[in-house]
Structure formats: structure tokens, C-alpha cells
Amino acid sequence: MTQLIKRLSGPNSILFIGAGYTIFISIALLSPIVGNLPKIDLIISLDKLIHVTIYLILVFIWLLYFFKRQRFLVLNTLIKILIACFIYGILIEVSQHLFVASRQADFLDVLANSIGLILGAFIFWKVKTRIKS
């Protein structure tokens, strides 16, 4: 059992998870919206909270991958991953506007994505010492 856990937490497995999650996000965010979804507004809208969560997980997975691969994480790598994920979020929003009739680009989505990226990087930076390489 321990060997299985070690193998699943290795860089190759995390790369597979990261790629799969990125593809999943792309498909989910570029799929047409079917019907009218209920609008639930809390302090912030549920939609924005979902964006924060999606991008928090996205950046956490990719930071974990590079941390496991390199056995450490330098600030330069963290910044590159944040920039790549930020650009990815903008490309998704532009693609929604250009290619999906039932969706539109939203600056507040980009802002929510950015908040998720920053929170994910902060959480990872705080827990990385507890992650065994």
C-alpha cells in the first residue's frame, strides 16, 4: 500500500493529474451552457467562488508537480507558473467570447481566477515544507 501511495504521489502521476485537470477545466469552461442555471448570490456570486476554487486547485497541482520534480521550489518557478495559469485563464475567457455562443468573457472571472491563483500559491507556499519529496 505504501508503494502505491509513493508511486501515485510521484512527479509522473502529478503531471498526469495536472494535465487531466487542465483539460477538464478547458472542456468545462468552453462547453455551452444548457438551460438557465439558478443564480445564487452570497457575498460574492457562486460563479466567482467556483472560479476562485478552480484556479486555486489548478495552481496548487502545478506547483506540486514542479516541487516534486525538482525537490524544491524557487520563487522564479512559482512566478512562471502563476503567469502561465493567468494567461491560460485569459485565453479561456477570450475563447468563451469568440467560440461559445452561450458564454461571454467576463473581467470579473479573470479577477476571480487571479484571486484563486494567489490563494493557491499562498497555501502551497505555507504547506510545502510538510510535503515529502
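In this predicted model, helix α2 (residues 11–30) and helix α3 have axes that come within 9 Å and cross at roughly 155°. Because of that angle, α2 is roughly antiparallel to α3; the cut-off for this class is over 145 degrees. The crossing of α2 and α3 is left-handed. By class, their contact has 16 nonpolar, 4 polar and 2 charged residues.

Which residues of α2 meet α3? They are Pro11, Ile14, Leu15, Ile17, Gly18, Ala19, Tyr21, Thr22, Ile25 and Leu29. On the α3 side, the partners include His51, Ile54, Leu58, Trp62 and Tyr65. Lys68 and Arg69 of α3 also take part.

Take Tyr65 next. This residue is found in α3. Is Tyr65 buried or exposed? Its relative accessibility is 9%, so Tyr65 counts as buried, the limit being under 20%. Leaving aside residues up to four places away in sequence, Tyr65 touches Pro11, Ile14 and Leu15. The C-alpha atoms of Gly18 and Tyr65 are separated by 7.8 Å, yet the two residues are 47 residues apart along the chain.

Now move along α3 to His51. Helix α3 spans residues 46–70, and His51 lies in it. His51 has 3% relative accessibility and therefore counts as buried. What does His51 touch, not counting residues up to four places away in sequence? The list is Leu29, Glu93, Asp109, Ala112 and Asn113. Asp109, Ala112 and Asn113 are among the buried residues of α5.

The axes of α3 and helix α5 (residues 107–127) come within 7 Å and cross at roughly 40°. The angle makes α3 oblique to α5. Here α3 passes α5 in a right-handed crossing. The residues of this contact divide into 17 nonpolar, 4 polar and 3 charged.

Finally, consider α5 itself. It has 21 residues. From its first C-alpha to its last, α5 reaches 30 Å, close to the 30 Å expected at 1.5 Å a residue. Which residues of α5 are buried? They are Asp109, Val110, Ala112, Asn113, Ser114, Gly116, Leu117, Gly120, Ala121 and Phe124. What covers these buried residues includes α3 and α4 (75–99).

Definitions and conventions
Residues are numbered from 1 along each chain as its sequence is written. This is a predicted model: local features need pLDDT of at least 70, side-chain atom pairs count only at pLDDT 80 or more; totals for chains, interfaces and linings use all residues. Side-chain values use heavy atoms; hydrogens and water are left out. Helices (H or I, at least four residues) and strands (E, at least two) are DSSP runs, numbered from the N terminus. Buried means under 20% relative accessible area, exposed over 50%, partly exposed in between (1.4 Å probe, protein chains only). Contact means heavy atoms within 4.5 Å. Axes are lines fitted to C-alpha atoms, for helices over the stretch in contact, and angles run from 0 to 180 degrees between N-to-C directions. Angles under 35 degrees count as roughly parallel, over 145 as roughly antiparallel, 65 to 115 as roughly perpendicular and the rest as oblique. A crossing is left-handed if the near helix is turned anticlockwise from the far one by less than a right angle, and right-handed if clockwise. Ala, Val, Leu, Ile, Met, Phe, Trp, Tyr, Cys and Pro count as nonpolar, Asp, Glu, Lys and Arg as charged, and the others, Gly among them, as polar. The expected span of a helix is 1.5 Å times one less than its number of residues.
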